Structure formats: structure tokens, C-alpha cells
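Please look at the structure now on the screen while I take you through several of its parts.

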Amino acid sequence: MTAVLSVASECAPLVKTGGLADVVGALPEALRPEGVSMRVLLPGYPAVLEALETGATAVMTENDLFGGPARVLAGRAAELDLLVLDAPHLYERAGSIYLGPDGRDWPDNPQRFAALSWIAARIAAEGIAPGGESWRPDTLHCHDWQAGLAPDYLAQMSGGANVRTVMTVHNIAFQGLFEPHLIEALRLPRHRFTTEGFEYYGRVSALKAGLVAADRLTTVSPTYAAELLRPDFGMGLDGVLRARRRALTGILNGIDETAWSPASDPHIARTYRLPARKRPNKAALQAEMGLPDAPGPLCCVVSRLTDQKGIDLLLEALPALLDRGGQLALLGSGDPALERALREAAHDPNVSVRIGYDEALSHRLIAGADAILVPSRFEPCGLTQLYGLRYGTVPLVALTGGLADTVIHASPAAIDRGVATGVQFHPVDAAPLAVALDRLCDLYARPDIWAQMQRNAMKQPVGWSVSAKAYAALYRDATAEA
Ligand code: ADP
């Protein structure tokens, strides 16, 4: 058995703002058959502490962790082996896990996630003994900037040299920047505040710290791994990644095939195994969203509303869908300007918008719609197009990142060979998106081709089995190299 400590700021189903949580929550079970025993270290947000089953025990304490006492609880929740950093001065607060009531980052986010990274390094360096049995990871797997400082901390600790480190980039847009006057207070080695270390244009980047210090780097799709080396996608870190390209691999995310299964989904109107049986879900969704019957495809979107997701492009291209008798049903929240623009668009009787976060509705949208739209400007992996494939809901996606790796475009050749699963467009702009929506309507009007695409989509493997093997091999290789 390889022992791995996975460190992240979110983990489904306990606490989630995006795909990061899904991946962190899915990996332990996916990796078990591959001989990997994984524990997940999370911040002790109220929701996580409440979810811990009785019997959790303290396995590590610290008298003053950046302004207050802290302890690590080992326990179980949601069928996961968890280590929870219980530090009320850092995590016991209402509201979002990253943002205060004013909608801005919590001012002490550097301390909050440096603390998580420090404790991760201590567990890796010293080991723990939950239930009296000692446990120490062979590999420390750090996710995104919130865990990015852990490899630097580990390097300071005796015992740290025996543990390998993996840093995974789920989204390079989030870099964990803070001012250099915090370096000593956060127990970071000032001599590493250099171009080769964690300095980033005069500030500290917790993500860059991980990218330069970890033994292995991964991101969540092969295409995103290649894109990250380019200035137009690397967001200032492409040079750092080019220097480390041999350490970097892209491993696709999978989805939770139990939670996302049209044959057993408890949230949807009618479960189904064949695309032809999907129909009652469309009628139910139209009724729920207040949409009339229509001759064109019903397209859905489930998304954070940020510039990344290209929702502004969709609004611009929308007439191409509506003019062909298509419909849009969207669920999302985020940028207030986008929320306003969407509410405005919903004055059209064939557009329905729900602003908010609603897990159950997201299932009904994906089961009920004919197609799912993901017009992202960049997309490290993307999960909703994978849900779409599993549910026979044809994905229309931008040709970027994981969207490029998971959808087979309905080119004439792919249709002839009977392998198409969706529609891709490029470059990522409103005019090509409008052309793609028009193409989608053409395909929808050809029931034989459409049904074939749905069948192809539902047959495509979108679970964890392939990627779990890739992670297990990565951990093994990293350990063997040492
Ligand atoms: P990202 O991590 O960039 O937000 P992903 O596609 O990787 O994008 O993951 C998004 C996850 O969050 C998916 O599981 C998606 O279903 C879910 N999600 C996003 N917005 C909502 C929402 N408003 N309601 C319910 N689920 C949502």
C-alpha cells in the first residue's frame, strides 16, 4: 500500500465551490483498488467539523498557529478518512469559505491556508497515530494554491526528505498572492523569496511556491498541461512551468459515476438507460423552468458565472439558438453583472434562468436537456460536459483544455464513422459559438444522427478507472525515484 496525504481547501460532499472539491472527494475511493490509501486534510470549517462522525480524536496540536491554538482531528465523514485542522480563529466563521460578507477575500486568507499547508508538512514529516496505529504518508499531494506552501515547509522540517510531493493545478487563475512582509510571520524562508523560489512580481505566490518546490506537477487534462506552457494560458506562470515541463503531466478528471448515473439518479423525474427514454425528463424540466414546448434543442448550462466560463459570449450568440426554435435553461451564480444580463435575457419566453447553487436542479437540467453548453475561454478539465456525456445530453464546448480532450466533434468524418459525441468550436468567440449553435440545431434536426451521438456519448468512459491508475503510477514513480 502507498500512503498519500491529500491536502485541499474543499472536498465534496462536505464543502464545495467547484470541480476541485469533486476531485478531492472522489480520489480516495478511486485509488483504493490501485493500492493507495489516502487521507484528506481539510480546514475545520463549521460544516466539516459538524460532519465528523463521533469518535474523532486529536492527533496533533499546536499552541499558536498564526494567532490561535489548533489541533488536528482524525476521523471519518462521508465515507472519507479525514484529518481536520480545527483552528477556530481561522475557520470558524459564517459565509463563504474564501470570501467575507463584503464579497472580497477574507483578509487573513494567507494565514488560513498557510496554516493548512504547515500542518500538512508536519503530518508528512512527523507522522501521526490515529487510534494508536502510526501512519505517515509516502507522498504529500497538494491541490491548488491553498496547499502550495506545503513543499517549502516540508523542506524545513527534519524527516521531510523522506516524503515525495505532488502539486496539482486545478486552475492556474488562482495563484494565492500576498505581500512579502508576511514571509517571516508565515514561517517561510526569506532566502526563497527569489525568482527561482516563491517570489512573483514582488509578491509571494503560494501556487508558484508549489510549482517550483514539488517533485511532480500535474494538471487535470493533457491539453491544459500543454496550454499552461503558453503565455496566453499560463497567466504569468508559463515560464515557471516551461522550466519544469518534464515534471508536469496532465491526468483527466473523472466523475462520480454513482452520484451521476441516469439509471439511478434520485433527483430526476424518470431514470433511464437508453437515450430514447430520456424524454419525460425534458417535459418535466420545461414545466419546472416555465419553458414552452419548442421545435429546437433545449440547451442547459450549469456553471459558476465568471469571465472564464464565456457566458457573455453565449448571451451574444444566443439568437442563433433561439432563431432555430431552441431553448436555454441556465443555473449559475457569481458575477453580479452576468447575473443581471442573464435575468434580462430571460425575458425571452424560451430562456429560463435560475441564479443560485442547487445540486438537485443541476441533475434535472443535465438529465432533461438535449444539449449542455460549455463555452469556456479556458477550462482545465470541466465536469459538466462529462455529466452531459453520461446522460446522453450532447455537449457543445469550446475547443480548449479538458473540453478538447473529452468531446469528439461531429465533423462529417466522425459522423460517417459513427464516433461523434458533441460539437466543438474555435476560436472561443461569439461568432464561432453562433455557428456551432446553428450546427447543433442541424444535428438535432436529424434524429438518426442525434440518437447515434447520444449513444456514443453514453458509452464513453467518464469515470475514474483510467485516471486512478495514472495517479497511482505517479505516486509509485515519485517514490521509486527518491
Ligand atoms: P469549476 O471547477 O471551474 O467551477 P467544473 O466544471 O470543473 O468547473 O466543476 C463545476 C462543478 O460545480 C460541477 O460539479 C458543477 O455541476 C457544479 N456547479 C457549478 N455551478 C453550480 C450551481 N450553480 N449549482 C449546482 N452545481 C453547480
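When I speak of a strand, I mean a DSSP run of type E with at least two residues, and such runs are numbered from the N terminus. The model before you is predicted.

Let us begin with one residue. Val84 belongs to strand 5, which covers residues 80–86. Is Val84 buried or exposed? Its relative accessibility is 0%, and therefore Val84 counts as buried; the cut-off for that term is under 20%. Which residues does Val84 touch, if we set aside neighbours within four places in sequence? Its contacts are Leu41, Leu42, Pro43, Gly44, Val48, Leu49, Leu52, Arg71, Val72 and Leu73. By contrast, consider Lys459: 375 residues separate it from Val84 in sequence, and the C-alpha to C-alpha separation in space is 38 Å.

In soluble globular proteins, nonpolar side chains tend to be buried together. In this model, the largest nonpolar core contains 85 residues, and those with the most contacts inside it are Leu83, Ile123, Leu140, Tyr153 and Leu211. Helix 4, residues 109–126, supplies the largest share of this core, with 11 residues. As for Leu211, its contacts, not counting residues up to four places away in sequence, are Met167, Val169, Ile172, Leu217, Leu237, Val240, Leu241 and Arg244. There is also a second, separate core of 66 residues, and Leu305, Ala367, Ala420 and Ala457 are included in it.

Finally, I shall discuss helix packing. Two packed helices are described by the angle between their axes and the distance between the axes.

Helix 11 (residues 311–322) packs with helix 12 (residues 336–345) at an angle of about 20°, and their axes are 10 Å apart. Helix 11 is therefore roughly parallel to helix 12, since angles under 35 degrees count as such. Their crossing is left-handed. Ile311, Asp312 and Leu315 of helix 11 make the contact with Leu338, Ala341, Leu342 and Ala345 of helix 12. By class, this contact has six nonpolar residues, no polar residues and one charged residue.

For helix 17 (residues 430–444) and helix 18 (residues 447–459), the angle is about 105° and the axes are 6 Å apart. Helix 17 is thus roughly perpendicular to helix 18. Here Leu440, Leu443 and Tyr444 in helix 17 meet Pro447, Ile449, Trp450 and Met453 in helix 18. This contact has seven nonpolar residues, with no polar and no charged ones.

Thank you for your attention.

Technical notes. Residues numbered from 1 in each chain as written. Predicted model: local features only at pLDDT ≥ 70, side-chain atom pairs only at ≥ 80, totals over all residues. Heavy atoms only, no water. Axes fitted to C-alpha atoms, helices over the stretch in contact; angles between N-to-C directions. Helix = DSSP H or I, 4+ residues; strand = E, 2+ residues; numbered from the N terminus. Parallel < 35°, antiparallel > 145°, perpendicular 65-115°, else oblique. Left-handed = near helix turned anticlockwise from the far one by under 90°. Contact = heavy atoms within 4.5 Å. Nonpolar A, V, L, I, M, F, W, Y, C, P; charged D, E, K, R; others polar. Core = buried A, V, L, I, M, F, W, Y, C linked by side-chain atoms within 4.5 Å. Buried < 20%, exposed > 50% of the residue type's maximum accessible area, 1.4 Å probe, protein only.
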